[in-house]
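Biologist: I would like to learn how to read a model like this one, feature by feature. Could you walk me through it?

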Amino acid sequence: MSVWEETLRSRLARLEQEGRLRSLVPVARAVYPVLERDGRSLINFSSNNYLGLANHPELMEAARKGAQRGAGATASRLIVGHDEETERLEQEIAAFKGTEAALVFGSGYTANMGVLSALLQRGDAVFSDKWNHASIVDGIRLSGATLFRYRHLDMDHLEAQLRLAEKKGIRRKLIVTDTVFSMDGDVARLHDLISLKERYDAALMVDEAHGGGVFGPYGEGVAHHMGLAGKVDLHMGTFSKAFGVVGAYVAGNRTWISYLVNTCRPFIYTTALPPAVIEMIRTSLRLVREAGSRRIALHRKAARFRNRLKALGLNVGPSETQIIPLIVGDVHATVKLSQSLMENGVLAVPIRPPTVPEGTARLRFSLMATHTEEHLETAIDAIERAVRTEGVTIHD
């Protein structure tokens, strides 16, 4: 056995012992509220398909229409140019977000990683919420900028760090935050962030991955929902969650977007999205704008589900959105609870460290507008029964 083989097997064995070993599992009908996994029908509470658009017939037709222009984009956009529909899409995104310009990326991860590593340089300061997404963390690491990581939603701690950066003579300061935090389902304090941004002459970038489509008058995101979009310097969001497709965007003024076109390595060195995807995103933008009734239904169902879990004495953390954690604490107990729910027809996968902090392993319930009342009742009954029969102690 080679040194590498021995090392990797040892590391995998350690993960299994700690209850952190994961594996890939094929599923069918994942775009529906009920999917098929290991020959069983499971109510799907692990999807980010918040508005239930991923199986919309108009998106399927858009894919067919787009594919008529070709199966692939053939090269990066700065080499061969881009499909004319891509330019129309970016104009539509800019109009949707109320910005001067926008830029499309292949995924949210590459967007955050590329944008932050392009904008920030050594000598700059970046202020990041402790629970920001891994793509933000990795983009900051690549940039070489000085990281000031503030405690989750702690505006006093953020201000202290902004003062410290000023004392150090750092001129360029960027605050970056998720709007909806994907593991707790809570929301950034944008009013306070903008106040601090203006007070300390910083810029603000927000990640609307889990807020886009769900919040805002037309699904624009949390910043629009709060009436603060015009005070955000750079908006990032994805099309792989509530929009039901794939890809991401960054939107802001022309200077920022032009700079990214010229410096953002994941954009420069990646083949453009294929015509079928571009056409689906354009269609999804329209569907999201028209999805007011779905948004209302989603928020109503999430509030009801969250309140029912609270009434059972379960710990749902600070959730105030469609993302509802059931915080157990112990990794092995969390895995056991997830398995018990699957045996009762409910899919809620365990989220374990390092994705979440030590001692806060949880099941993460992601609600969809297309979940029925029967789906919710079945899940709540299964949770109550599983917690009781498995003897799981829920950590407050």
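Modeller: Here is a short tour by question and answer. Keep in mind that this is a predicted model.

Biologist: Happy to. Let us begin with the record: which residues does the UniProt domain annotation cover?

Modeller: The unreviewed UniProt entry gives "domain: Aminotransferase class I/classII large" for residues 42-383. In the model, that span is 44% helix and 16% strand, and its end C-alpha atoms lie 14 Å apart.

Biologist: The record also has a modified residue. Where is Lys241 found, and is it buried or exposed?

Modeller: The unreviewed UniProt entry annotates Lys241 as "modified residue: N6-(pyridoxal phosphate)lysine". Lysine 241 is found in the loop between strand E9 (234-238) and strand E10 (248-252). Buried means under 20% relative accessible area. Lysine 241 has 13%, so it counts as buried.

Biologist: Now helices, please. What span should helix H5 have at 1.5 Å a residue?

Modeller: The expected span is 1.5 Å times one less than the number of residues. Helix H5 (residues 108-119) has 12 residues and should therefore span 16 Å. Its end C-alpha atoms are 16 Å apart, in agreement with that value.

Biologist: How many of the residues of H5 are buried?

Modeller: An α-helix has 3.6 residues a turn, so residues three or four places apart point the same way. H5 is mostly covered, with 9 of its 12 residues buried. Among them are Gly108, Ala111, Asn112, Val115, Leu116 and Leu119.

Biologist: And a helix residue that is not buried?

Modeller: Take leucine 12, which lies in helix H1 (residues 3-17). Its relative accessible area is 46%, so it is partly exposed. Together with Leu15 and Leu21, Leu12 forms a nonpolar patch on the surface, and the three have about 230 Å² of accessible area together.

Arginine 199 in helix H8 (residues 190-199) is another case. Arginine 199 is also partly exposed, because its relative accessible area is 49%. The C-alpha atoms of arginine 199 and glutamate 159 are separated by 9.6 Å, although these residues are 40 apart along the chain.

Biologist: On to strands. How many of the residues of strand E7 are buried?

Modeller: For a strand, look at each face in turn. All 6 of the 6 residues of strand E7 (residues 173-178) are buried, so the strand is largely enclosed by the rest of the structure. On one side sit Lys173, Ile175 and Thr177, and on the other Leu174, Val176 and Asp178; both faces are covered.

Biologist: Which strands are joined to E7 by bridges?

Modeller: Strand E5 (residues 125-129) runs parallel to E7, joined by 4 bridges; here alanine 125 stands opposite lysine 173. Strand E8 (residues 203-207) is also parallel to E7, with 5 bridges, and threonine 177 stands opposite valine 206 in E8.

Biologist: What is the strand order in the open sheet of 3 strands?

Modeller: To read a sheet, follow the strand order and then the sense of pairing. The order is E11-E14-E13, and the pairing is antiparallel. Strand E11 (323-329) and strand E13 (350-351) are the edges, each pairing on one side only. Between E11 and strand E14 (residues 361-366) there are 6 bridges in the antiparallel sense.

Notes. Residues are numbered from 1 along each chain as its sequence is written. This is a predicted model: local features need pLDDT of at least 70, side-chain atom pairs count only at pLDDT 80 or more; totals for chains, interfaces and linings use all residues. Side-chain values use heavy atoms; hydrogens and water are left out. Patches are made of residues with over 30% relative accessible area and no salt bridge: like charges are joined within 9 Å, nonpolar side chains (Val, Leu, Ile, Met, Phe, Trp, Tyr) within 5 Å. Accessible areas come from the Shrake-Rupley method with a 1.4 Å probe; for residues, only the protein chains shown count as cover. A salt bridge is a side-chain nitrogen of Lys or Arg within 4 Å of a carboxyl oxygen of Asp or Glu. Helices (H or I, at least four residues) and strands (E, at least two) are DSSP runs, numbered from the N terminus. Buried means under 20% relative accessible area, exposed over 50%, partly exposed in between (1.4 Å probe, protein chains only). UniProt positions are given in the numbering used here, feature names are shortened, and annotations may be inferred rather than shown by experiment. Two strands pair if DSSP finds at least two bridges between them.
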